[in-house]
Amino acid sequence: MVSNSTKFHGLLQRPYEPVFLPKSGGQVYFDVPDSYLTDRYRPLGQSLQNRFGSNVQTRIPVQNIATPDIGFAQSAVDRRGGFSVFNTAHRQAAGRLIELFLNQSNPDQLCAVAAFCRDRLNGPLFQYALSVALQHRPDTTDVPIPSFLELFPDRFIDPTVIPQMQEEGRIINQGDRMAIDIPMNYTASEREREQRMAYWREDIGVNLHHWHWHLVYPAEGPDTVVRKDRRGELFYYMHQQTMARYNVERFSNGLPRVAALANLREPIPEAYHPKITRSSNNRSYPARGKNQYLTDLNRVEDQVIVTIVDMEMWTTRIFEAIDSGVARSTNGQQIQLDNKNGIDVLGNMVENSALSPDVNYYGRLHNEGHNMLAYIHDPDNSFLEGFGVVGDNTTAMRDPVFYRWHQHVDDIFERHKRRFKPYTKAELAHPDVEIDEFAVQLNRAGTKNNILLTFWQRSQIDLGTGLDFGPEGNVFVTFTHIQHAPFSYRIKVKNEGSGAKRGTVRIFIGPKVDETGRTIAFRDQRRWMIELDKFSVNLNPGDNNIVRRSEQSSVTIPYERTFRNVLASSQPNNDQFRFCNCGWPAHMLIPKGTTQGTSYDMFVMISNFADDTVNQEFDENVNCNDAHSFCGLRDRLYPDARNMGFPFDRATASSVNSLKDFAKPYKNMATTSVDIRFTNTVISRV
């Protein structure tokens, strides 16, 4: 019997190859009824079956079903055009398609419907909707979802590499194929100042994280799919942490903090020339020149019509809701934007997701901001140009303007957070718990405390499953990315009480100085504190030694899951690949630092578990629960009752001028200075 993983991986691969072509390296064949074939191939049904289905290992018989109505999706997104979750019409079509897939009675029925849809719909739309459905159906929870790197490698690599990959795959036998190298920094020269951050913005793992987070937390679809615990707050926090990391990384590269794109009528000085091409239609993602202005969008064909006045009006209404502490719903009900639920409501409102309290009033600020920036080169479709990279959540983080827009979005959330008083001593303390020592150390004998190392690493991945009409089997490429040496946190804690206590260890790192070497004020540093890890501990009376490895982080997923191979992931009983792609890439856990070494503040806190618990136990080592800080837990409550970002999500009293001032009154907090040294050498992954 063919497994569900084999069936659905085959359907998700190479979406522009007809369904009757063998999949999974030529080993899987879908035996579909002739009625499933498109008009071009239906007259050739029997000959195609004889030609392509005779020498495969696995044949999958597909049921002959009544033709589903998919006109809503065909009319919304052209088969070979661009699909964007920021486009309302696209997102709504995806929501209906997700619902169609969810409504199938069993996996075989779903396979049949998906097989019919596959050759008639836009490839990324089909893959997105089917992936979301697979993750949310109880009978397909064991199906691992391939990453977009495997499905559409053209979104992440220099297009000049693709012909080389095709040549290698066509001519060289699989066992003799060599890896093709993807060059670093191929989008601009060093004369462009923002290019110093290209290694970060264009990192494959970072962009995969952004795509997969939105796959786990879709903005549109059936309520059971969209309405997840604290979804809106997670939208806020994941992007807030992304902005913190990006700003801190800019300081490492001699660049200033990101300037928020709050004024939509000023020129945008940052240019971006992506140099990537959609394989579906061989159209390049458009570039944006320097000092371009946003204008009203009137993309009638794309159903994207929005004005700058609309954006300004929505912003004003959101500010009014924040400042009054009350939002309105479509039925006139008042929604309190309190500490517990306010940020969750705002996250859905600002994004906008289907959970927005009143989309007609508060609008589509975040999504239409992406659209306005994505179509800045052709706002009325005069030149028949598609959207730029910032209009596609698989590529948006490559563009410097993504961070300017999201700095503005984060400032909106910060406006809400400023309404709340500083945390009280009762909220921050953990009675009888005292941290005596706190340090980090590389996982090598004899290394000094509080010195961390970063470097370049060359890694290899297989992109063979993503090349439509490409060669069968493996096609390898190598790429270079930032990496850090593994390290461990070492914490000595004293429980001065008479009985065992439980706490939550929260570890952050933050910048001490900006790009000029000036000390950063705590009011700014607080917003740039990067969460490194969060985990619970049991503290026995007396002394306790806690050792925690960097690869155990509650934020990240390891390299093997970020860049995993689809064929390996489909092996039976391979639990490590279940629902596992959501998480920040582990190789980007800490800032790069500098060659001379840069000093950072590291902070640890053991909060009171009684105030943290949501009364649900989970094991972070099973079922891919390890990246729960950014991705939550599947079908369960977010595993922390505190505000995301606690204790740095709120402003502090005016008397607190530094991180040491903040921690000094509390025995359950500690700080240390950590030096991060960057070595400008490339080390190959073993």
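## Basis of the model

Residues are numbered from 1 along each chain as its sequence is written. The model is predicted, so local features need pLDDT of at least 70 and side-chain atom pairs count only at pLDDT 80 or more, while totals for chains, interfaces and linings use all residues; side-chain values use heavy atoms, without hydrogens and water.

## The chain as a whole

The chain has 24 helices and 20 strands (DSSP runs numbered from the N terminus: helices are H or I with at least four residues, strands are E with at least two). Its radius of gyration is 25 Å, close to the 26 Å of the globule rule for 686 residues, so the chain is as compact as a globular protein of that length. That radius is taken over C-alpha atoms, and the rule is 2.2 Å times the number of residues to the power 0.38. The C-alpha trace spans about 80 × 60 × 55 Å along its principal axes.

Of the 686 residues, 62% are buried (under 20% relative accessible area; exposed is over 50%, partly exposed in between, with a 1.4 Å probe and protein chains only).

## Aromatic pairs

The structure holds 29 aromatic pairs. Rings of Phe, Tyr and Trp (its six-membered ring) pair if their centres lie within 6.5 Å; planes under 30 degrees apart count as stacked, over 60 as edge-to-face and the rest as tilted.

The rings of phenylalanine 20 and tyrosine 41 are edge-to-face, because their centres are 5.0 Å apart and their planes stand at 75°. Phenylalanine 20 is in the loop between α1 (4-12) and β1 (28-31), and tyrosine 41, 21 residues away, is in the loop between β1 and α2 (45-52). Phenylalanine 20 is buried at 4% relative accessible area, whereas tyrosine 41 is partly exposed at 27%.

Phenylalanine 508 and phenylalanine 648 also form an edge-to-face pair, with centres 5.0 Å apart and planes at 80°. Phenylalanine 508 lies in strand β14 (residues 501-511) and phenylalanine 648 in the loop between α23 (628-631) and α24 (659-663), so the pair ties together parts 140 residues apart in sequence. Phenylalanine 508 is buried, at 2% relative accessibility, and phenylalanine 648 is buried at 5%.

## A ring cluster and two charges

Ring pairs also build a cluster, whose members include Trp200, Tyr217, Phe402 and Trp584. Lysine 228 lies over the face of tyrosine 217, 5.6 Å from the ring centre. The charged end of arginine 650 sits over the ring of tyrosine 423, at 4.1 Å from its centre. A charge sits over a ring if NZ of Lys or CZ of Arg is within 6 Å of the ring centre and within 35 degrees of the ring normal.
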